[in-house]
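This report sets out what can be read from the coordinates shown below. Please keep the structure in view while reading.

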There are 2 protein chains.
Amino acid sequence: MTRLGTGGELAGEVMRGRPRAVARLISLIEAAVADPGSAADGTLREAMAELAAGAREPYRARVIGLTGPPGVGKSTTTSMLIRVLRGRGARVGVLAVDPSSPFTGGALLGDRVRMQDHATDPGVFIRSMSSRGHPGGLAWATPQALRVLEAAGCDVILVETVGAGQAEVAIAGVTDTTVVLLAPGMGDDVQAAKAGILEIADVLVVNKADREGARATVRELRTMVGLATAPWRPPIVTTVATRDEGAGELLAALDRHQAYLEESGEAHRRRLARARDEIEAVALARLRSRFSALHGDRLDALAERLLAARTDPYTAADDLLAAVAAGTEA
Amino acid sequence: MTRLGTGGELAGEVMRGRPRAVARLISLIEAAVADPGSAADGTLREAMAELAAGAREPYRARVIGLTGPPGVGKSTTTSMLIRVLRGRGARVGVLAVDPSSPFTGGALLGDRVRMQDHATDPGVFIRSMSSRGHPGGLAWATPQALRVLEAAGCDVILVETVGAGQAEVAIAGVTDTTVVLLAPGMGDDVQAAKAGILEIADVLVVNKADREGARATVRELRTMVGLATAPWRPPIVTTVATRDEGAGELLAALDRHQAYLEESGEAHRRRLARARDEIEAVALARLRSRFSALHGDRLDALAERLLAARTDPYTAADDLLAAVAAGTEA
């Protein structure tokens, strides 16, 4: 077994596509979610710098997000997509992102079982990742986990959100293509979710299309999509993921969107936005850590003033920022 | 109708307990979620400063969080609590916090209907608030909305999370007491959620206690609580909120926890932590806004370097922070 002591060694093993090193590095990222600012020192930072230096073409991997209400068949669909992508010879990474509610643990375990078909395939990396309730944790960790999977040679990375919550919207920010899944018989939910769906969906999937009401759901979505004025109108694909039905159509829709992204220049814009968000998330985490480490006493004093009604949150924040600015120039 | 043109006037009306001003100020907070940094200028800031200056005893209101898996009866229980608290003569604020998934809109509307009993009671303020998918938005907005409700004279504020997601954990950070609700027949979920529940629950409620399996759920929770080593062991209360059963027991459990908080000094510690978080959230929002406004070009240039594999996220973040530090000292 290889020693993975230093960040450089760990990065080297990741770039050779070793699953153990991939798992280890993503665990380091996940563990740092509690105090991401401190991660800017040490093994993780060293490994990430090495990965960046070794990247021939960063952001090369296609990142496809899968999201939708609980019970709609996200992980069965992910599993189906893995199969067709593997059929093409692509190396596939899967990142299951958990918005970290204390109430979704069960769903996570249940879902993972369905992916065990692929557990022994060396061309597939599957990882789940949670922000463990730390606000901003996913924004910090997800882009870095994508970097690791890309460096390990993944051509396509599927990002699946587990459960329901804030993660959907955050995930849409890191993907090239976002697939929103729905199922028949969620009529009211579709109505309620209209605005949200149109905002983030690049491809719409009606899964469980053998169930009653599938046509009505498709019709409803078609009406919604027809009203959209954006240059890309999300195609609507029907699937029965448990039987692999619609896999080819879904892949074709994903490819069309990818071609659109490249032709329109949107691909570069999305990647640039991702890079910006990634830098900003690391910078903010670093600042938050600095608040605690260097300015904990100052923050305590300001909090006491706030409790005593001797300041307001905005003025206190300005005082804190002035202290941070004075500190960083030293 | 009163003019509410300036922040000072708006704050004055809030402190006189005018529902329209309360709604208006919370809307300003919610609207600023998209760019909270910019909220540090203008009407909102002025109003919040005025509220802080006018507060006799900040953080005086008891803040009680209600959370739990979807369908467990959170808003029926909230409604029951409003009734018993009103019976004591308390002024009650309700803040329904939506983790802002595009998929939860329907649940939100459905839930609100059940609270219409209290819509015409001048001693009750009910508001929902969403972070609209902006990461960190709730951490910024929730403490400020609590300030507004407190300034309007609320003695108790119930914070209910809508749907499921990251909000539960974030909300536990702003409450004095967190109530976790469960219902019978969620055996597996309870198992899976063990760690999460014990981490945030101050009081456990088994609602729908007239259903089969209620005793088993209580037994299971009792075992879990028995294993806890913390000085406060969450009491377990059974309720049938639709019939107001268990309301008195729940209120008694809440009062016991409040007494424990005060006696142990934990009340002050929690409030101080809230004040710290509140200042930090405003400061971070301000910094993020500054990144875009003052350092957008710098961030773009760094993002291009990251795309070209000429830097890594940590080094780029350091470069950005150096630019921000240089900017703020000027």
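**Confidence and overall make-up**

The structure is a predicted model, with an ipTM of 0.80 and a pTM of 0.75. For chain A the average pLDDT is 82, and 81% of the residues score at least 70. One stretch of chain A, residues 101–113, stays under 50 in pLDDT; the model has 39 contacts beyond four places in sequence for these residues. Where pLDDT is low, predicted coordinates should not be read in detail.

Chain A contains twelve helices and seven strands. It has 330 residues, of which 55% count as buried. Taking the contacts in chain A between residues at least 6 apart in sequence, 77% join residues at least 24 apart.

Strand S6 of chain A covers residues 203–206, and both of its faces are covered. A:Val203 and A:Val205 are buried on one side, while A:Leu204 and A:Val206 are buried on the other. This arrangement can be set beside a general rule: in a regular strand the side chains alternate between the two faces of the sheet.

S6(A) pairs with strand S5 (residues 177–182) of chain A, the two running parallel and joined by four bridges. Within that pairing, A:Val180 stands opposite A:Leu204. S6(A) also pairs with strand S7 (residues 236–238) of chain A, again in the parallel sense, over three bridges. Here A:Ile236 is the bridge partner of A:Leu204. To pass from S6(A) to S7(A), the chain goes through helix H9 (residues 214–227) of chain A, and this β-α-β crossover is right-handed.

**Helix H4 of chain B**

Helix H4 of chain B spans residues 74–87. Ten of the 14 residues of H4(B) are buried, so the helix is largely enclosed by the rest of the structure. Among the buried residues are B:Lys74, B:Met80, B:Leu81, B:Ile82 and B:Leu85. Just after H4(B), B:Gly89 takes a positive phi of about 90°.

The largest nonpolar core holds 186 residues, and A:Ile279 and B:Ile279 touch the most other members. Which residues of chain B is A:Ile279 in contact with? Leaving aside its neighbours within four places in sequence, A:Ile279 is in contact with B:Leu299, B:Leu302, B:Ala303, B:Leu306, B:Pro313, B:Ala316, B:Ala317 and B:Leu320.

Most residues other than glycine have a negative phi.

| Residue | Phi |
|---|---|
| B:Tyr59 | near 65° |
| B:Ala309 | about 60° |

B:Tyr59 is found in the loop between helix H3 (43–54) and strand S1 (62–67) of chain B. B:Ala309 lies in the loop between helix H11 (266–307) and helix H12 (313–329) of chain B.

Are these residues buried or partly exposed? B:Tyr59 has 23 other C-beta atoms within 10 Å and the cut-off for burial is 20 or more, so B:Tyr59 is buried. B:Ala309 has 16 other C-beta atoms within 10 Å and is therefore partly exposed.

Note on methods
Residues numbered from 1 in each chain as written. Chains lettered and ligands numbered in written order. Predicted model: local features only at pLDDT ≥ 70, side-chain atom pairs only at ≥ 80, totals over all residues. Buried ≥ 20, exposed ≤ 12 C-beta atoms within 10 Å, placed from the backbone. Pairing = 2+ DSSP bridges. Right-handed = clockwise from strand over helix to strand, strands pointing away. Expected span 1.5 Å × (residues − 1). pLDDT = per-residue confidence, 0-100. Contact = placed C-beta atoms within 7 Å. Core = buried A, V, L, I, M, F, W, Y, C linked by C-beta atoms within 7 Å.
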